[in-house]
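Here is a short tour of a few local features, written for someone who likes to check the atoms along the way. Please keep the viewer open as you read.

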Amino acid sequence: MSGQALSTRAPSMGAHYAVQLPAPDDFAFWRDQARALVQCEVPPDRVSWIESGGTGDLFAQSGASGLVKRLPVPDRDSRPARASKRFLSLARNAALHSDPERFALLYRLLWRLQSNPRMMEDKTDPDVRRMEELDKSVRRDSHKMHAFVRFRQVEDAAGDEHYVAWFEPDHHIVRANAGFFMRRFANMNWSILTPRGCLHWDGETMRESGPAQRSDAPDGDPVEELWKSYYASIFNPARLKVGAMLSEMPKKYWKNMPEAALIPDLIAGAQAREANMVAAGTREARERLDSLAELAEAARNCRDCPIADCGTRAVMGEGAQSAPLMIVGEQPGDHEDLAGRPFVGPAGQLLDAALTQAGIDRSAAYVTNAVKHFKFVQRGKRRIHQTPTAKEIDTCRWWLESELAIVKPRVILALGASAARGLLGKTVSLKAARGAPIMLEDKAELWVTAHPAYLLRLDGEAREEQAAFFSSDLAKVQARLDTFTSGTQV
């Protein structure tokens, strides 16, 4: 077997080594062999990785540039191979890809990590980028397997119920996903048939078998009519986006999904059903809003929380739809409610002055609030601001997330704890959060600072101190904006 050595000495100059993998998804075997090769200082151009059942590596077979040798064994005092957690995480998935060059790529990266331990942080490195592409493709294929496997009921040889599904993976993901189906369908006897190998579960033991053909799987069962009726009943026309649906559920999977036969007719009737839902003012109808103007129009009718019933208007954000900076406050105040624009009162004037001092152009930013209606208590002729509750902030979060999805800012500035909760979905300490960026799932940077209204309530040394902190926070945001606009790598 490849990997067994004749000598513990360093490899000969010009020697070539061929590693035959026992299975195309055997990452553990590759890892052990790669570690030993690195310890023996065998460079990547002297190693061929050959998949089980594949045609192999022509260079390794011919030995055109040197004798193909069995693998060396590292000395006991050889320096151990080093690999970062990020490398190992990506490599486990990348090894499942169908690219025949994947193991060579992984070894090349592992080799380079020995002299550059931080190499995986370089997003521009072509090897790192390719590894990330393989990882993403495998994760997507696994997601498709989880989502689109459809079991059909049959009887086994003993007359017992057995469930069989057919799936066509793009990569070597079948064994890696066995645990998911074993946990999810633990009490069923089932088989998943694929052209890359099959899985069989009898309630106690997982068994594997070789590749199957589509004709080995059943075409349907009596339960499918019930399932199709359920699918048609839960179909939501307001959430229908055909392009996004085809991206997430490509037509190659439709032939194995009984509900797919209903999709053309459901799409055809979606427009009329959506019109009825919009007329009824349902929240589901908002899911199709894809412009700031449509959001502002829809927000006028929002009654999702008690603040919206206080007789105030919904004040949405303003600014460029593709602004690199989004500034988020708490809620509109008295002046903003009357004007229908965010940050036009005393706090807004203080913010404008501070932004100008920091070199930030407000007109190039998108400015909004976590809560869209003004919450107040009436005191004579005055309307006194009241802080929104956590529940009210969370209820209004849908509107803020919709603005984020449309604007897609690179940097977000949260003014105050309420704004931070609206963006993070949890309460954070302003003192602990300010001064450093928080990375969000969409790769935007969130910076948290005080609300300018807080500075207006202070005086003397306290105000000077907080104003200095505020100016420092804005300067850091401006520095980050300069970094992005200049194209400097971060």
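Buried means under 20% relative accessible area, exposed over 50%, and partly exposed in between, with a 1.4 Å probe and protein chains only. This is a predicted model, where local features need pLDDT of at least 70, side-chain atom pairs count only at pLDDT 80 or more, and totals for chains, interfaces and linings use all residues. Residues are numbered from 1 along each chain as its sequence is written, and side-chain values use heavy atoms, leaving out hydrogens and water.

Let's start with D25, in the loop between β1 (16-20) and α1 (27-39); helices (H or I, at least four residues) and strands (E, at least two) are DSSP runs, numbered from the N terminus. D25 is buried, because its relative accessible area is 16%. Beyond its neighbours within four places in sequence, D25 is in contact (heavy atoms within 4.5 Å) with A95, L96, H172 and R175.

Next comes helix α4 (residues 102-113). The expected span of a helix is 1.5 Å times one less than its number of residues, so the 12 residues of α4 should span 16 Å, and its end C-alpha atoms, 17 Å apart, agree with that. Among the buried residues of α4 are F103, L106 and L110. Cover for the buried residues of α4 includes α1, β2 (47-50), α3 (85-94) and α5 (126-148).
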